[in-house]
Amino acid sequence: MDYFFKCINCGFKFKSEKVEYYCPKCNDLLEITYDIEELKNFVSKDTFEKYPLSVWRYKELLPIKDFSKVVSLGEGGTTLHECKNLREIFNIKSLLVKNEGENPTGSFKDRGMTVAISKALENKVKIVACASTGNTSASLAAYAAKANIKSIILIPEGKVALGKMVQAIIHGAKIIQINGNFDDALNSVKKLVEYYPQICLLNSINPFRIEGQKTLAMEICNQLNYNVPDAVILPVGNAGNISAVWKGFNEFKELGLIKNVPRMIGIQAEKAAPLAKAFKEGKNEISIVNNPETIATAIKIGAPASWKKALKAVRNSNGLLEVVSDDEIIEAQKLLARKEGIFVEPASAASIAGLKKLLENGQLDKYENIICITTGHGLKDPDVVLKTCIEPLIKVSPTIEELKKVLGGDLN
Ligand code: F0G
């Protein structure tokens with residue numbers, strides 16, 4: 001579909017066939033916009049019914065011109081789980097979990113990557129790069145492999161979750177560890193693409209990534225037959241996803257497909273929470289957290305690139321930003337796994353931990369229709385489970401007597 005770049009700060013609107021990241025007038029971030037009135041001629045509820053639930057169901061709302069270049073691994077179409085057991089535990093009317101761990105590389109990043117890599121190919125790009133806490137790099141490496149182009153990933157020092165690291169390795173990315181945290185790695189990769197403009201930057205400041213990720217909201221609308229939930233809760237790190245989900249709901253509203261939009265509720269880890277802090281203090285700017293810390297390494301970010309978009313999404317939706325502790329995250333991860341059979345990585349569990357906290361402190365009402373988005377699969381970070389859920393291994397001889405002895409009362 002025909003599209004424009006629009007600056008999120010000064011509103012400057014322009015056309016370009018290239019992948020643009022910054023406003024040529026004020027240097028702030030860009031977003032993609034469409035002529036909604038024109039789009040109405042192409043899009044109706046029936047348009048979507050023709051395609052299976054997936055990112056590409058919404059192709060009329062995506063900024064791709066040459067669909068022959070689309071690089072897809074089958075992204076989107078993730079399940080909206082009815083969580084009856086958790087609903088009873090929390091004593092709430094409804095709880096749905098949209099499990100983005102079901103994507104091809106195990107996280108929501110695939111939604112943005114399929115669109116951004118397809119766009120990169122339209123532009124004849126041969127090398128792509130990103131800085132990542134792990135999931136973006138896993139996704140980038142897989143999609144670049146499929147597209148037959150090179151990928152470079154910059155990772156922070158310290159530990160990148162094992163599963164994510166293994167994915168980047170097997171898909172053949174060039175992996176470079178930066179002496180510094182994620183925010184330093186992001187600054188380095190920005191310098192890299194400035195120096196070598198032939199490399200395409202695939203962090204979420206690339207507005208084409210956001211376009212793919214907005215389909216998460218559109219799928220929710222379709223799965224609920226256009227009955228929008230009251231609130232959507234999701235973890236926030238670099239703040240691209242909350243901005244993307246908000247954009248998706250808004251485009252559906254502007255197209256007249258839904259009547260209202262949900263409250264956007266972002267959850268940060270308490271020692272990596274510049275956005276939640278700014279929100280709670282009523283500030284319009286964030287203060288960077290220099291040494292962010294959390295067991296949820298995916299969201300261990302102190303200077304979120306899309307902070308401005310995220311604050312706007314939360315404020316305009318009458319939403320919230322809240323913090324949770326590492327203990328609360330671990331408890332929520334276990335609860336979701338043991339009561340609903342859904343295994344997510346710690347960052348994803350932040351949405352469930354956030355829900356629990358907001359219900360307890362009265363900021364969420366038990367009658368609201370709530371969706372928690374879980375963003376990445378639990379197998380991404382097995383070490384955390386081994387560290388936090390360790391129970392001694394029971395060893396016995398292979399006889400029924402021995403089994404009876406150790407199982408004892410557990411069978412009644
Ligand atoms: N959940 C998971 C599993 C993530 O990997 C990320 C971000 C987020 C939540 C937060 O999303 O940054 O859009 O606010 N991971 C990035 C990465 C930073 O490099 O993989 P966000």
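**Figure 1. Pro274, Lys277, Ala278, Glu281, Lys283, Glu285 and Ser287 line the second largest cavity.** This is a predicted model, where local features need pLDDT of at least 70 and side-chain atom pairs count only at pLDDT 80 or more, while totals for chains, interfaces and linings use all residues. Residues are numbered from 1 along each chain as its sequence is written, and side-chain values use heavy atoms, leaving out hydrogens and water.

**Figure 2. The largest cavity holds about 330 Å³ of space.** It is one of two cavities of 30 Å³ or more in the structure. Look for Phe108, Lys109, Gly237, Asn238 and Ala298, which lie nearest its centre among the 29 residues of the lining. By class, you will find eleven nonpolar, 15 polar and three charged residues in this lining.

**Figure 3. The ligand sits in the largest cavity.** To count as sitting there, more than half of its atoms must lie within 2 Å of the grid points. Around the ligand are 21 residues, of which Ser132, Thr136, Asn238, Ala239 and Thr375 come nearest (a residue is near if one of its heavy atoms lies within 4 Å). Helix 5 (135-147) and helix 10 (240-254) each supply at least two residues of this shell. The shell has eight nonpolar, eleven polar and two charged residues.

**Figure 4. Ser132, Thr136 and Asn241 each place an atom by an oxygen atom of the ligand.** For Ser132, a polar side-chain atom lies 2.7 Å from a ligand oxygen atom. Thr136 uses a backbone N or O atom instead, 2.8 Å from an oxygen atom of the ligand. Asn241 also has a backbone N or O atom 2.8 Å from a ligand oxygen atom. Polar contacts are pairs of N or O atoms within 3.5 Å. The protein covers 98% of the 470 Å² of accessible area that the ligand has on its own (Shrake-Rupley method, 1.4 Å probe).

Key: A polar contact is a pair of N or O atoms within 3.5 Å; within protein, one must be able to donate a hydrogen and the other to accept it, and residues adjacent in sequence count only if both atoms are side-chain atoms. On a 1 Å grid over the protein atoms alone, a cavity is a set of points where a 1.4 Å probe fits but cannot get out, and a pocket is an open set with protein on both sides within 12 Å along at least five of seven lines; lining residues have an atom within 4 Å of a point. Helices (H or I, at least four residues) and strands (E, at least two) are DSSP runs, numbered from the N terminus. Ala, Val, Leu, Ile, Met, Phe, Trp, Tyr, Cys and Pro count as nonpolar, Asp, Glu, Lys and Arg as charged, and the others, Gly among them, as polar. Grid points are joined across faces, edges and corners, and a volume is the space filled by probe spheres set on the points.
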